[in-house]
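Colleague: I would like to learn how to read a model like this one. Please take me through it feature by feature.

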Amino acid sequence: MKTEKPHGAAQLKNLTYDEIEPFYRSLDERTRARVDHPLDGRIEFVTGVRVGDQLAAIGGLKRSFLRLRFSFHIVRAEYEKLGLGHDITRDIVEYARGRGYSHFLGTLRLSNVSRLPYFLKEGYKVVSVEGDLYVRSVFPLNRRGEILVDVYRILFNLLLPVRSMVRTVRGWRR
Ligand SMILES: CC(C)(COP(=O)(O)OP(=O)(O)OC[C@H]1O[C@@H](n2cnc3c(N)ncnc32)[C@H](O)[C@@H]1OP(=O)(O)O)[C@@H](O)C(=O)NCCC(=O)NCCS
């Protein structure tokens, strides 16, 4: 089903913050609305694909909530479904395996759930659906990571009702 990669596509590693911000700002509004800002956590690893003199896609790993490692992927709308997302996931997995990590996490906005088949195909396992906001998933990299998929499922299922109770109580107090 895959069409040819764009002519002249070049894989990049170690992009700088100065390249990520303009890339994010230059995205069309619909794509920007689909994703969290890549710099909303501490970036650990970034990879990208340049086509001609334009950055067509970026992705990587960042540390956010509780210092957990989350992956992010952003492909410019005109370059979707050409295999760039897959190349980015491959780079992230290669980097994470090289570091001996057992897993990393994925976050998908529920409003963007049409992209879920892509993540399932790559190997992410859904662990929770958070309210009407996010689908959380885990990408296991070894046996320990596979066990953690079940652990995250239990943790999220326990934590989410507690979080929503706290929010409700806070709402009453206001
Ligand atoms: C989600 C996203 C990263 C996928 O990247 P992509 O370059 O379009 O995906 P690829 O071309 O590498 O596709 C890899 C596989 O997933 C499948 N796939 C990709 N998008 C899909 C979709 N929307 N529905 C079903 N399958 C899809 C492809 O068919 C392909 O399968 P194949 O190898 O059997 O041909 C890209 O659509 C994107 O960046 N979207 C906007 C931002 C976003 O939503 N980011 C995710 C939140 S972090």
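Colleague: Which residues does Ala 57 touch, not counting residues up to four places away in sequence?

Modeller: This is a predicted model. In it, Ala 57 touches Gly 48, Val 49, Ile 74, Val 75, Arg 76, Tyr 79, Leu 84, Gly 85 and Ile 88, with residues up to four places away in sequence left out.

Colleague: Which residues touch the most other members of the largest nonpolar core?

Modeller: Ala 57 is one of them, together with Ile 58, Leu 84 and Val 138. The core has 27 residues. At least two residues each come from strand S2 (42-51), strand S3 (54-63), S4, H3, strand S5 (103-109), strand S7 (134-140) and helix H5 (143-173). Domain 1 (1-101) and domain 2 (105-174) each give this core at least three residues.

Colleague: Let us step back to the overall fold. How many helices and strands are there?

Modeller: The protein has 5 helices and 7 strands. Along the sequence they follow the pattern β-α-α-β-β-β-α-β-α-β-β-α. The radius of gyration is 17 Å, close to the 16 Å that the globule rule gives for 174 residues, so the protein is as compact as a globular protein of that length.

Colleague: What does the C-alpha trace span along its principal axes?

Modeller: The C-alpha trace spans about 55 × 40 × 30 Å. Buried residues make up 24% of the 174 residues. For contacts between residues at least 6 apart in sequence, 57% join residues at least 24 apart.

Colleague: Next, the domains. How is the protein divided, and what separates the domain centres?

Modeller: Domain 1 covers 1-101 and domain 2 covers 105-174. Their centres, taken over C-alpha atoms, are 21 Å apart.

Colleague: How do I read the place where the domains touch? I have seen areas quoted.

Modeller: The size of an interface is often given as the accessible area lost when the parts come together.

Colleague: Now the ligand. Which residues come nearest to it?

Modeller: There are 23 residues around the ligand, and Val 75, Glu 80, Gly 85, His 86 and Pro 117 come nearest. Two or more residues of the shell come from each of helix H2 (29-34), strand S4 (69-75), helix H3 (84-98) and helix H4 (116-122). The largest share, 4 residues, is from S4.

Colleague: How do the shell residues divide by type, and which domains do they come from?

Modeller: The shell has 10 nonpolar, 7 polar and 6 charged residues. At least three shell residues come from each of domain 1 and domain 2.

Colleague: How should I read a backbone angle such as phi?

Modeller: Most residues other than glycine have a negative phi. Lys 81 has a positive phi of about 60°, although it is not a glycine. Lys 81 lies in the loop between S4 and H3.

Colleague: Is Lys 81 buried or exposed, and why?

Modeller: Lys 81 is exposed because 12 other C-beta atoms lie within 10 Å, and a residue counts as exposed at 12 or fewer.

Colleague: Where is Leu 105 found, and why does it count as partly exposed?

Modeller: Leu 105 is in strand S5. Leu 105 has 19 C-beta neighbours inside 10 Å, so it counts as partly exposed; a buried residue needs 20 or more. Leaving out residues up to four places away in sequence, Leu 105 touches Leu 68, Arg 69, Phe 70, Arg 136, Ser 137 and Val 138. Val 126 is 21 residues from Leu 105 in sequence, and their C-alpha atoms are 9.6 Å apart.

Colleague: One last residue. Where does Tyr 101 lie, and which residues is it in contact with?

Modeller: Tyr 101 lies in the loop between H3 and S5. Apart from neighbours within four places in sequence, Tyr 101 is in contact with Arg 69, Ala 96 and Leu 141. Tyr 101 is partly exposed, with 17 other C-beta atoms within 10 Å. Gly 41 is 60 residues from Tyr 101 in sequence and 18 Å from it in space, C-alpha to C-alpha.

Technical notes. Residues numbered from 1 in each chain as written. Predicted model: local features only at pLDDT ≥ 70, side-chain atom pairs only at ≥ 80, totals over all residues. Near = placed C-beta within 6 Å. Nonpolar A, V, L, I, M, F, W, Y, C, P; charged D, E, K, R; others polar. Domains from an automatic or database assignment. Core = buried A, V, L, I, M, F, W, Y, C linked by C-beta atoms within 7 Å. Contact = placed C-beta atoms within 7 Å. Rg over C-alpha atoms; globule rule 2.2 N^0.38 Å.
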